[in-house]
Amino acid sequence: MTKIALVTGASAGFGQAIVRQLVTDGYKVIACARRFEKLQSLASSLGSDKVYPLQMDVSVSDKIDAALENLPQDWQKIDLLVNNAGLALGLDKAYEADFSDWLTMINTNIIGLTYLTRQLLPQMVKRNSGMIITLGSTAGTIPYPGANVYGASKAFVKQFSLNLRADLAGTKIRVTNIEPGLCEGTEFSNVRFKGDDERAEKLYEGAHAITSEDIANTVSWVASQPEHVNINRIEIMPVSQTFGPQPVYRD
Ligand code: 8X3
């Protein structure tokens, strides 16, 4: 039986690369995002029997429900959920950041992800099979200035993912949190810097950052492990990125 995956944030970046990779791996993929035309062109390039474009705004739970209700019968049994949709907004210090940016991140990265997971998990438990892959971030573990709510939301994603496994003890359902560091070739920094593309470009200059394809390969590897293997977490950085000293400011 062909396995079915559902990938959020599939219109670009990690999500789109993950859809492509999973199709190559033999999955049928429900590609979810707000930008429906992008999903349609992905489906027409990969085949509409392989990719089902589903308009979904994960930050609004009613829209998640409406999208899931619209799924045709033969796309409803979801074997693999890839919770990829998420964003960072701003890099300002907490005392200067825009509170509405914080709410947007919380709504998408935390509330959307948990709501969709809560909606799809019961069918997996009922079948005693399935896999959930969440996209965290190195920012969920390693603090840095300006990461404030973004980093905290990814710390939530990491702990939620680990706690899911705790609740799923005794079942065959697997859960993995993938935690990328600096990654180029996506809209992530353009969104974070609100269209300041020059600033986004500068961030990646000479960095040889990881790419969406690296993340898609990781998803593919995680999903292809034998059934008795659960990868709890994977943290991935480019070789150019590493840990810094902890600054001490002196009087
Ligand atoms: C993306 C990694 O370093 O930009 O989640 O926060 S970072």
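1. The ligand is surrounded by Ser 137, Ala 139, Tyr 144, Tyr 150, Pro 180, Gly 181, Phe 188 and Arg 192, a residue being near a molecule if one of its heavy atoms lies within 4 Å of it. This is a predicted model, in which local features need pLDDT of at least 70 and side-chain atom pairs count only at pLDDT 80 or more, while totals for chains, interfaces and linings use all residues. Residues are numbered from 1 along each chain as its sequence is written, and side-chain values use heavy atoms, with hydrogens and water left out.

2. By class, this shell has five nonpolar, two polar and one charged residues. Ala, Val, Leu, Ile, Met, Phe, Trp, Tyr, Cys and Pro count as nonpolar, Asp, Glu, Lys and Arg as charged, and the others, Gly among them, as polar.

3. A polar side-chain atom of Ser 137 is 2.6 Å from a ligand oxygen; for Tyr 144 the distance from a side-chain N or O atom to a ligand oxygen is 2.5 Å, and for a polar side-chain atom of Tyr 150 it is 2.5 Å. The protein buries 84% of the 240 Å² that the ligand exposes when taken alone (Shrake-Rupley method, 1.4 Å probe).

4. Helices H3 (residues 61–69) and H4 (residues 99–127) pack at about 35 degrees, their axes 10 Å apart. Helices are DSSP runs of H or I with at least four residues, and strands are E runs of at least two, numbered from the N terminus. Axes are lines fitted to C-alpha atoms over the stretch in contact, with angles from 0 to 180 degrees between N-to-C directions. The crossing is right-handed, the near helix being turned clockwise from the far one by less than a right angle.

5. In this pair, Ser 61, Ile 64, Asp 65 and Leu 68 of H3 meet Gly 112, Tyr 115, Leu 116, Gln 119 and Leu 120 of H4, with contact meaning heavy atoms within 4.5 Å. Five nonpolar, three polar and one charged residues make up the contact.

6. Most residues other than glycine have a negative phi. Lys 194, in the loop between H6 (188–192) and H7 (197–204), has a positive phi near 50 degrees. His 208, in the loop between H7 and strand E8 (210–211), has a positive phi of about 45 degrees.

Terms used: Polar contact = N/O pair within 3.5 Å; in protein donor to acceptor, adjacent residues only side chain to side chain.
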